[in-house]
Amino acid sequence: MPTFSRRYPQNMTQMVQEEKMRRIVQTAAVLAFGAVITLSVFAGGSPEKPKSGNEVAQTGTGKIVLATNNAPEGKGAAEALKQYAAMKGIKFEVVEAPYNNLYEKEVLDLSQRSGLYDVIMLDDPWFTQFAESKWLSNLTPYFTAINEGGLSSDFIDKSTAICKYPYATGLIYAFPAVGNAQMFFYRKDLFAQYGFNSAPKTWDDAYSVMKKISDSGTGVYGYVLRGQQGNPVVAQFMPIFWSFGGRMFSSDFSKVTIDTPQALNALNFFIKLRDVSPPGAASFNAQQLATYMLQGQAASTINWPAFVSTFEDPTQSKVVGKIGYGPIPSAATVGSSEIGHWLAAIPADSKNKQQAFDFVHWMTSQETQKKLVEQFGTPPTRKSIFTDPSLLAQPKYSYFPVLMQAIENSTPRPRIANWNQVENTFGIYLSKAVAGDMSSKDALSSAQNDVTSLMKKAGYVK
Amino acid sequence: MNIKRLATWGDRNLKYLLLAPTIVLLLVLTVYPLFFAIIASFETFNIRTATYSFGGVSNFVNMFTDPFFWNAMKNTGIYTGVAVVVEFGLGLALALVLNERFAGRDVFRSLMLAPMMLPPIVVAVIFKIVFMQNFGISNWLLGLIGIHGMLWESASRTALFSLIIVDIWEWTPFMFLILLAGLQALPSDPYEAAIVDGAGPFQVFRHITFPLLTPSILIALLLRLMDTLRIFDLIFVMTGGGPANATETMSLYVYQTAFRFSNVGSATAMSFVLLIITVAIGNFFVSRLRAEEVFTQ
């Protein structure tokens with residue numbers, strides 16, 4: 001009877017054995033706990049040692065490892081590395097990942113100080129967290145070593161500013177690689193029918209046309225709104241928020257200013273845009289926007305320049321040559337788009353910093369950047385390329401002057417280390433307003449409360 | 001130590017030597033991460049310096065005052081409750097029907113299993129197309145009976161239920177499979193006795209089939225409950241937790257906290273709550289299974 005014998009030991013030997021067993025288990029538990037402590041100290045120990053990013057490493061492994069995203073913006077960097085490695089006769093490796101995974105991979109590598117990557121491509125809203133955590137190399141000594149004062153003055157000022165920590169005034173931690181900023185995309189033919197032969201200057205003008213197009217019974221919607229919760233809806237709302245004079249924070253981040261009359265006007269207008277958008281906008285991301293525009297079912301939207309080449313591609317687009325590009329319309333203040341550059345940086349723990357610097361310097365040089373523009377259609381960051389006559393002569397680069405102006409007038413997302421979480425929280429309430437679950441007023445006051453508590457936790461708001 | 005003594009030592013401790021590889025694996029893969037997670041759940045993270053410090057129970061306190069945490073708990077509860085109950089009802093009905101003999105039964109049984117065989121990501125993408133507002137097949141079918149413009153997973157009011165429908169579509173076959181196997185293993189003499197005694201079909205089901213099937217039912221429910229409590233892939237692809245946070249479940253929120261907000265401490269604390277719930281449910285079912293004498297020796 002096994003069950004019986006388990007509960008009642010039949011003789012002394014068994015009792016002794018059970019006692020032994022118990023001791024073994026206890027010892028094992030103690031040992032395991034000890035091992036955990038030791039390993040944790042070991043694993044957590046390395047970040048304690050401050051590593052200065054200032055010294056220029058003399059030795060390297062002779063191999064450049066690049067982490068980049070597997071979209072056109074990131075593929076350009078991968079191709080550049082391939083060419084550079086062939087030219088210099090060095091080894092290289094490219095680690096590609098989709099947008100969200102790239103962030104996870106980079107944070108893991110940087111926070112564990114494993115020094116896996118020598119060059120990372122990062123989206124500019126991640127920059128503050130990376131720089132503030134001292135995860136990136138200060139590039140100034142490397143510029144000094146080649147007798148350059150810093151980033152070339154050929155880069156647009158706004159592009160240079162987001163590569164510095166603190167913003168615009170601090171040390172250089174990255175190169176501006178891809179010059180993204182939002183633009184207002186509109187159907188020239190449809191807007192012309194209502195008397196607009198150029199991009200509408202104000203949101204009022206733009207909305208009056210959108211409304212007429214939506215009501216015209218042609219099945220075309222006046223606007224298509226990117227309303228998906230999180231990053232998408234926030235990216236869509238910010239340019240409108242700014243045009244209406246709103247700001248999320250006071251300039252030193254000590255006050256949250258989401259619940260203001262300007263913000264309410266902006267959000268109410270945002271809801272009006274939703275009503276001239278196709279149903280289901282609460283779940284649209286950039287791809288749905290592109291689909292509605294490509295099918296000719298929507299007359300305008302705010303989107304990133306990466307989609308320009310798709311709109312002008314006859315195999316995918318029903319609206320080739322009909323899309324106009326304009327700056328973000330104005331309301332209470334001048335319209336401003338969100339800047340969304342891809343930056344190239346060198347992790348503080350890279351084992352190959354000098355070669356990494358030389359490569360990124362070459363990749364963002366005038367000559368290479370022009371090649372990348374021609375090969376991948378990725379937007380540049382240098383004024384000389386935005387104004388290059390041989391490029392401007394081609395119709396597919398007709399949006400360059402507008403984009404350059406958009407970058408010059410752009411606003412960066414708040415330069416705070418906890419932006420991801422703040423954006424997510426703000427995005428949830430915006431999404432609730434767009435979905436009609438909350439009134440604009442309630443959404444803003446809830447967002448104000450929740451963002452304030454996040455900012456307190458991070459020590460920005462006292 | 002000479003060879004003879006070594007051999008006797010080896011003889012006496014053979015059982016420990018043989019167990020050692022397993023124990024080492026267990027320590028490395030289960031015990032170490034578990035203890036590490038316990039420690040991590042008490043650490044607070046400072047995003048501005050990327051450093052952790054001991055924060056006592058602050059992660060747990062913050063969690064219980066966080067409205068998004070409770071929203072995720074509520075969504076997980078609704079999702080799990082509704083999906084498992086409906087899957088069980090449908091699965092049992094299908095198992096009973098397909099346990100009878102009729103022409104084409106085997107073909108139908110094989111077809112029934114198809115949804116379960118698909119990777120969840122594929123199911124999610126298929127249903128994103130099925131649910132498309134303007135050219136999805138679901139709205140076309142509804143249009144035939146005069147209902148237009150359903151937004152399915154794009155509207156906060158219907159999003160969670162749209163996801164539950166997909167879950168039911170994919171996992172009812174699993175319930176059906178386990179319950180059918182249970183039905184086939186039932187002895188035939190109680191049925192013969194019942195028919196001799198003049199019992200009707202409902203009485204046979206109520207007093208013979210259901211009690212005899214209880215072990216299979218418990219196992220099927222247990223596996224599905226544990227699976228739905230940690231649902232991630234389907235929701236991640238179809239809605240990403242939106243719109244308006246209507247479909248954010250615990251797994252999704254834990255993922256966001258750990259990988260988007262880089263706050264591993266807070267994320268492990270939440271995982272522990274989910275673990276405790278899962279273990280509690282698991283233990284309840286296992287004790288019922290013991291009572292059903294499934295585990296008797």
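**View 1. Two domains of chain B.** The centres of domain 1 and domain 2 of chain B, taken over C-alpha atoms, are 38 Å apart. Domain 1 covers 3–41 and domain 2 covers 63–291; the bounds come from an automatic or database domain assignment. This is a predicted model: local features need pLDDT of at least 70, side-chain atom pairs count only at pLDDT 80 or more, and totals for chains, interfaces and linings use all residues. Residues are numbered from 1 along each chain as its sequence is written, with chains lettered from A and ligands numbered from 1 in the order in which they are written.

**View 2. The side of chain B that touches chain A.** Here 32 residues of chain B contact 36 residues of chain A (contact: C-beta atoms, placed from the backbone, within 7 Å). Helix 2 (14–41), strand 2 (51–54) and helix 13 (250–260) of chain B each supply at least two residues. Helix 2 of chain B gives the most, with 6 residues. Helices (H or I, at least four residues) and strands (E, at least two) are DSSP runs, numbered from the N terminus.

**View 3. Strands 7 and 9 of chain A.** Strand 7 (residues 183–187) pairs with strand 9 in the antiparallel sense over 4 bridges (pairing: at least two DSSP bridges). Phe185(A) lies opposite Tyr325(A) of strand 9. Both faces of strand 9 (residues 323–326) are covered. Ile323(A) and Tyr325(A) are buried on one side, Gly324(A) and Gly326(A) on the other (buried: 20 or more other C-beta atoms within 10 Å of the residue's own, C-beta atoms being placed from the backbone).

**View 4. Surroundings of Ala344(A).** Ala344(A) touches residues including Val119(A), Phe175(A) and Met363(A), not counting residues up to four places away in sequence.

Methods:
Contact = placed C-beta atoms within 7 Å. Buried ≥ 20, exposed ≤ 12 C-beta atoms within 10 Å, placed from the backbone.
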